[in-house]
Amino acid sequence: MDSVGHAPGDDADVIVVGAGPAGAAAAHYLAAAGREVLLLEKATFPRDKICGDGLTPRAVSELVRMGVPTPAEDGWIRNKGLRVIGGGHTIHLPWPEIERYPNYGLVKSRMDLDATLAHHARATGAKLMEGMNVTGPVTDDRSGRVVGVTVRQVDGRGRRIDGEAGSERTLRAPVVIAADGVSARLATSLGITKSDNRPMGVAVRTYFKTPRHDDEWMESQLELWDGEAGRSNLLPGYGWIFALGNGLANVGLGSVSSNAKATQLDYKSLMAAWMRNAPPEWEFTPENQVGPVRGAALPMAFNRKPHYSRGLMLVGDAGGMVSPFNGEGIAYALQAGRVAADVAGQALARTSDAARERTLATYPVRMRDELGGYFTLGRHFVKLIERPAVMRVCTKYGLPRPLLMKFVLKLLSDSYDTRGGDAMDRIITALTRIVPAA
């Protein structure tokens with residue numbers, strides 16, 4: 001390999017496995033820098049992903065940086081902030097006015113969002129290859145370094161195609177970026193396992209036809225009851241309602257555990273109980289439900305490390321890049337893709353293998369410096385709120401205090417200025433720097 005391109009036997013400068021937000025962002029930035037990049041996706045677009053479909057201002061800022069248009073006519077629905085309901089209180093928390101991020105969030109279904117981002121990367125110059133199941137890494141016999149992947153073409157449902165079209169083949173590149181989701185098969189194949197001492201969340205969601213489809217606020221329900229409030233049991237977890245503006249709302253609930261063992265709850269039953277007791281005017285009825293209730297794990301707080309090893313970089317869910325504070329992963333996936341692309345591009349410009357490896361090794365350092373302290377705070381936060389008594393006290397006595405809730409919103413949504421800002425911004429920034437980086 002030379003300083004301006006890949007070696008003669010390679011298929012690309014970089015192979016990106018997985019075309020979700022993290023992979024699409026990495027491919028976009030690499031292609032924008034003039035690198036040859038293969039973006040491999042097992043499914044064919046459009047394809048679904050279990051998610052709340054909400055984008056905080058932090059995620060919106062990453063879309064702006066990528067140059068992704070977000071006009072309302074294309075189904076991008078803006079919201080003003082967060083409506084929080086709990087302890088007999090309802091409060092509205094507008095997104096903060098800060099320098100780093102815009103003062104609005106967005107909602108767009110992952111069916112549309114992921115296709116938009118993947119096609120944006122393709123328009124930038126990445127080669128998007130759909131229906132390509134990556135079956136494993138290819139390693140160098142002498143160094144053990146990852147130098148490519150084996151792939152097999154599959155149909156739109158991920159099923160193997162018989163014959164020559166479905167035969168396994170090898171694709172090679174000096175750098176491989178794993179954006180293959182919570183399963184993290186490439187990392188696992190190299191022995192990179194998840195940590196037991198990091199939080200793990202679980203979320204389920206479905207869609208409803210509802211008059212609430214054009215709500216200007218993202219809603220968070222901190223108390224879910226199995227009957228009328230005050231005359232029944234408080235269910236563990238929290239709920240959300242995110243309006244999609246197209247007649248539908250994304251409705252879901254989730255919970256989090258402070259360790260790798262996810263909470264053992266019957267989420268579908270909890271969801272059904274919440275829906276039975278929702279106000280009739282919301283019209284959350286079986287007749288208005290669109291699609292099944294589906295669930296997914298949320299790997300949090302860098303629960304899989306190292307983020308770089310032997311030619312393989314981990315981004316997004318593959319590296320456990322979900323916030324313990326609110327379960328958001330899209331913003332951090334986009335950020336990780338951007339940082340990984342920058343590091344990979346710098347590494348490819350080096351003129352020796354040793355210099356390239358030193359440069360690639362800066363990727364986990366940069367991710368730790370940017371998010372490690374914040375994720376450590378999130379780990380302590382989870383240990384507190386997973387105790388029902390603590391959560392009830394916080395809900396009852398915290399929600400009525402506007403100044404406190406403004407601070408909480410900035411902390412939980414990662415919407416604070418790291419340089420300057422107000423007193424709240426400075427306190428949060430100081431806390432992220434004091435605690436040990438995750």
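Mentor: Helices (H or I, at least four residues) and strands (E, at least two) are DSSP runs, numbered from the N terminus. The model is predicted, so to speak of a local feature needs pLDDT of at least 70 and of a side-chain atom pair 80 or more, while totals for chains, interfaces and linings use all residues. Residues are numbered from 1 along each chain as its sequence is written, and side-chain values use heavy atoms, without hydrogens or water.

Trainee: Let us begin with a helix, then. Which helix does Leu-404 lie in?

Mentor: Leu-404 belongs to helix α10, which covers residues 402-412.

Trainee: Is Leu-404 buried, partly exposed or exposed?

Mentor: Leu-404 is partly exposed, because its relative accessible area is 40%. Buried means under 20% relative accessible area, exposed over 50%, and partly exposed in between (1.4 Å probe, protein chains only).

Trainee: And which residues of α10 are buried?

Mentor: They are Met-405, Phe-407, Leu-409, Lys-410 and Leu-411. As background, an α-helix has 3.6 residues a turn, so residues three or four places apart point the same way.

Trainee: What comes just after α10?

Mentor: Asp-414 does, and it takes a positive phi of about 55°.

Trainee: You mentioned a positive phi. What is the phi of Ala-184?

Mentor: It is about 45°, a positive value, although Ala-184 is not a glycine. Ala-184 sits in the loop that runs between β12 (175-178) and α4 (185-189).

Trainee: Why does Ala-184 count as buried?

Mentor: Ala-184 is buried because its relative accessible area is 0%. Ala-301 is another case: its phi is near 55°, again positive in a residue other than glycine. Ala-301 also counts as buried, because its relative accessibility is 0%.

Trainee: Where does Ala-301 lie?

Mentor: It is placed in the loop between β19 and β20. Pro-306 is found there too, in the loop that links β19 (289-299) and β20 (308-309).

Trainee: What kind of peptide bond joins Lys-305 and Pro-306, cis or trans?

Mentor: The bond is cis, and its omega is about 5°. The peptide bond from Phe-45 to Pro-46 is also cis, with omega near 0°. Pro-46 has its place in the loop between β2 (37-41) and β3 (54-55).

Trainee: What does Val-14 touch?

Mentor: Setting aside residues up to four places away in sequence, Val-14 touches Leu-30, Glu-36, Val-37, Leu-38, Ala-173, Val-175, Ile-177, Ala-344 and Leu-348. Contact here means heavy atoms within 4.5 Å.

Trainee: Now the strands. Where is the place of Phe-208?

Mentor: Phe-208 is in strand β13, residues 200-209. Phe-208 counts as buried because its relative accessibility is 2%.

Trainee: Which residues is Phe-208 in contact with?

Mentor: Leaving out neighbours within four places in sequence, its contacts include Gly-247, Leu-248, Ala-249, Val-251 and Met-275. Glu-283, Phe-284, Thr-285, Asn-288 and Gln-289 are also among the contacts of Phe-208.

Trainee: How far apart are Phe-208 and Asp-11 in space?

Mentor: They are 45 Å apart, C-alpha to C-alpha, and 197 residues apart in sequence.
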